[in-house]
Amino acid sequence: MSETTTAKGLADPAARRQLMSGVEPEPGSSKPDPILKVDNIVRQFGGITAVDVDHLEVQRGIITALIGPNGAGKTTFFNLITGFDRPTSAGRGAHWSFDGATLDRTSASKVAKSGMVRTFQLTKALSRMTVMDNMMLGAQNQAGENLAKCLIKPFWSAQEKQVEEKALALLDRFSLLEKRKDYAGSLSGGQRKLLEMARALMSDPKMIMLDEPMAGVNPALTQSLLGHIQSLRDEGTTVLFVEHDMHVVRHISDWVVVMAEGKLVAEGPADSVMSNTAVIDAYLGAHHDTDLGDDALLSDATLEQLEAEVAAEEAEREEEQRS
Amino acid sequence: MDDIQGILNAMMRTAVDPQTAAVAIAVIGLNIHFGYTGLINIGQSAFMLLGAYGFAISITQGWPLPVAILVGLAVAFVFALVLGVPTLKLRGDYLAIVTISAAEIIRYVGRSGGYESLSNLTNAAQGIAGSQYRTPFTDLSPFPTGTTQLLPFNYLDVAGGSTVVRLLGWLVVVAAIWTAVRIGRRKVGLEGSTRTLAMVGLTALVVVLLFFLAPVSQRNTGVNGWWFTVVAWILVGISLIIVLGLTRSPWGRALKGVREDEDAMRSLGKNVFAIKMQALIIGGLFGAIGGMMYVLPAAVQPDALGRSITFFAYTALLLGGAATIWGPVLGSLIFFVGRVFLIGVANTYLSSDDYLNIMNGQQTSQFAFIIVGVALMLLVIFRPQGILGDKRELRFNV
C-alpha cells in the first residue's frame, strides 16, 4: 500500500480502527507506520523531572491525543520535540525523528520547515498585523522573504498571488474571511485559535501539533474546530493534540496517549484507555472510589486497613530514600 | 513683526539644513530597527560616528570619494555583525544594553589620545576638521558660485512685504495643512490616486508657500550651501523609496512578524535570527549614511555624535510615528524646527530688555530642551502612536 492510498483510506473510521487494532495498548508500543519516533527524552528543571519519555511512536494519518492531568509535562514534551526547548538528555541518548529525518539538533524553525507545525496553548496571534498578513507569513519558501530579492517585485509577485489565494481559501474555510483586514489583536480568543490553526496550515504540514486547541473556546466554536481537525485528518494530515476535555478526546481521537508526572502511563484507543487503571489513578488518585461521607467507613476495621496502607506507603518511601 | 519674521526665518533655515536631513536618514534606519523589527537599538549614534570616521579617514588618507563611502558603510556593517551575533539570540533587552555601551565605547575610543597610531587618524577629542575631507564632495557641485535665495519671488515683492500679505499667506498654509490632515484621515471623500494627488499637491503648495513667506538665502556650494542641502534631501528621498520597497515586500512582513512574536515566527519556519540580523545591518547602514551626511558640513567630533543624538533620534521617531514611512522625516523636521522655534521665542521674549528679561542666552537653550522633554512626555501619554501612527494598533496590549 503506497503512502497516498494509506492517507485516503484513513478517512473511513473502520479502516482506522482496523489499522490500530493490531497495536498493543501498551505505553511505547510500536505502530505500523510511525511518522514521529521519540526515544529517551528527559527534561529536568533543577531537581524536578518534567518529562521522561522512553519511547513513543505516533501513527501517520490519524488523530492522536496526548492527555494527562495538570503538570504531566505535555506542553514541555511538545516544546522539546518541536525544538523550542532542549532535552536534558541531549547528547546522552535522546533521539527523535520525524518522517525519517533526525531532529536531535534541529532548531524550531527548521522543524517547522520539515513539515511538523505546532500551535501554542496561549495563542500567538501577531496582534499588530492584519489577519491576512498573519496568514501570508505561514507560507514557506517565499522568494520575497529573501532580502536580496525583496526589492524587485517581479521576483515574488507571482508567488505572492498564489499565497494570497491560498490564504483566502483557508480563511474562508475557517470562517475568518470577513475579518481579513482587521488586526489579529482585535479577534476573540476562539477566533485567534482558528487563525493560528489556519496559519499553521498555510505551510501544508505533514503533521500538525495542537496545544490545547479547545482551551477558552465557546461550545459552538468547539464543534466547528473539531470538524476542522477531523477534516484535516481526512485529507491526510497527521494530528497530534494536547487536550484536557475528555469528551473532545473521546469524540475525535483515534488513539490516546496518557502522560502523568512526565512519564507515559498508557496508550490505547479512546474508548478503552479511559478505563485503564493507570489512567484513572493518574487523574483521580488511587483512592478516588472511597466515599469520605460514608459512615460505614468509620468502622475500626476500615480505619485499621487505611492505617496499614499509610504505614506501608511510608515504609516504601523510606526505603526509596535509603536507596 | 520683525521679531516673528526672524524666528520664522531661523526655523526655515533649520528645516532645510543638511544636518536635519542627516538625522532624518539615521531615524529612518532606527525605524527599521525599532519600528518594524522591534529591536531596541540605543546606539544609533555609534553607527553614525563609525560611518563618519570611515568616510573622513579614508579621504584624509587620499582615497577617492566612492571608496570612502564604501569604507564608511563597511565599518557600520561589521559593527552591526559584532553587536548582533552575541545578542540577537537573547531577549530584546540585551541588545539595548549592548548597543548603548558599544556606542559609548566607540565614542571614547574616538576621543582618546592614548594610542598615537589611532589618534593620528582620529585626531582624538578635537576631531577631524571638515576642511580636511570636504573638498572631494564640494568639487562635485554642479552649481555656479554665488548665493541663491529661495524663493527669489517672495513676500517682500508683494505690497512691500506688508503684514496683511504675510498673515494671509500663513492662513493659507494652516488651511492647506488642515485639509491635508482631513484627507489623510479619510474624512474627505477622496480615495485612491485622487487622494494621493491631493496630498502631493497640498504638500507642494505648503512647501512653496513656506519658502515664499520665509525665504532662505544660502551660498550655492560652500559649507552648508544649497549643494549640501540638495544632496542631503535627495538621500532622504532615496532612503524613503528603499524603505517603502522593503516594508511592502514579504521581507518587511517578516520583520513585523518578528516584532510581534518571535516564537510564533519560529513555529512558522522563519529564521528569526537571520531576519533580525538583516534588519540590524540595514538600519545600521542608513545610520552610517546619516553620519557621513551629518559631518560633511561640520567636523567629525566624537562628542557631537554621542548619546544625545540617539535620544534625539528616538524623540523624532516617536513624534513622527514608529513603523510608518513618513514618520521619521516628519518627526525629525518637527523636532529640530520646533526646538529652534522655542529657542527663538525664548531669546526674543524672555531674554531681552524689550520684553521680559528673565534668563540669559545659555538658559534659553536649556529652556527649549525642558519644553521638548515635557512635550515628549505628553506625546507618549496622550498619543503614543505618534503623529502618523495608526490608532487601531493601540486598542490591544502589545
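Reader: How many bridges join strand E4 of chain A to E5(A), and do these run parallel or antiparallel?

Author: Strand E4 (residues 95–98) of chain A is joined to E5(A) by 2 bridges, and the two run antiparallel. Before we go on, please keep in mind that this is a predicted model, in which local features need pLDDT of at least 70 and side-chain atom pairs count only at pLDDT 80 or more, while totals for chains, interfaces and linings use all residues. Residues are numbered from 1 along each chain as its sequence is written, and chains are lettered from A and ligands numbered from 1 in the order in which they are written.

Reader: What is the bridge partner of Phe98(A) in E5(A)?

Author: Phe98(A) has Ala101(A) as its bridge partner there. As for the names, helices (H or I, at least four residues) and strands (E, at least two) are DSSP runs, numbered from the N terminus.

Reader: And what order do the strands of that open sheet take?

Author: The sheet has 4 strands in the order E2-E1-E4-E5 of chain A, with antiparallel pairing, where two strands pair if DSSP finds at least two bridges between them. Its edge strands are E2 (48–59) and E5 (101–102) of chain A, each of which pairs on one side only.

Reader: Switching to helices, which residues of H6(A) are buried?

Author: Those are Val163(A), Ala167(A), Leu170(A) and Leu171(A). A residue is buried if 20 or more other C-beta atoms lie within 10 Å of its own, exposed if 12 or fewer, and partly exposed in between, with C-beta atoms placed from the backbone. Seen down the axis of H6(A), the buried residues fall within an arc of 100°, so they line one face of the helix; the arc is that of the directions from the helix axis to the C-beta atoms.

Reader: What is on the other side of H6(A), and what do its buried residues pack against?

Author: On the other side, Ala158(A), Lys161(A), Gln162(A), Glu165(A) and Ala169(A) are exposed. The buried residues of H6(A) pack against H5 and helix H7 (189–201) of chain A. After H6(A) comes Ser175(A), which has a positive phi near 45°.

Reader: Which other residue in chain A has a positive phi although it is not a glycine?

Author: Glu212(A) does, with a phi of about 50°. Glu212(A) sits in the loop between strand E7 (207–211) and helix H8 (219–234) of chain A, and it counts as buried because it has 21 C-beta neighbours inside 10 Å.

Reader: How many residues of chain A are in contact with chain B?

Author: There are 30 residues of chain A in contact with 26 residues of chain B, where contact means that the C-beta atoms, placed from the backbone, lie within 7 Å. On the chain A side, helix H4 (108–113), strand E6 (116–118) and helix H5 (131–137) each supply at least two residues, and the largest share, 4 residues, comes from H4(A).

Reader: On to chain B, then: how many helices and strands are there?

Author: Chain B has 16 helices and 2 strands. Its C-alpha atoms fill a box of roughly 65 × 55 × 45 Å along the principal axes, and 44% of its 398 residues count as buried.

Reader: Which helices do the buried residues of H5(B) pack against?

Author: They pack against H3 (44–60), H4 (65–87), H6 (116–122) and H14 (307–320) of chain B. The buried residues of H5(B) include Leu95(B), Val98(B) and Ile106(B), whereas Asp93(B), Ile105(B) and Tyr108(B), on the other side of H5(B), are exposed.

Reader: Where in chain B is there a cis peptide bond?

Author: A cis peptide bond joins Leu150(B) and Leu151(B), with omega about -20°. Leu151(B) lies in the loop between strand E1 (147–150) and helix H8 (163–184) of chain B.

Reader: Last one: is Asn224(B) buried or partly exposed?

Author: Asn224(B) is partly exposed, with 17 other C-beta atoms within 10 Å. Asn224(B) also has a positive phi of about 65° although it is not a glycine, and its place is in the loop between strand E2 (216–219) and helix H10 (226–247) of chain B.

Technical notes: Two residues are in contact if their C-beta atoms, placed from the backbone, lie within 7 Å.
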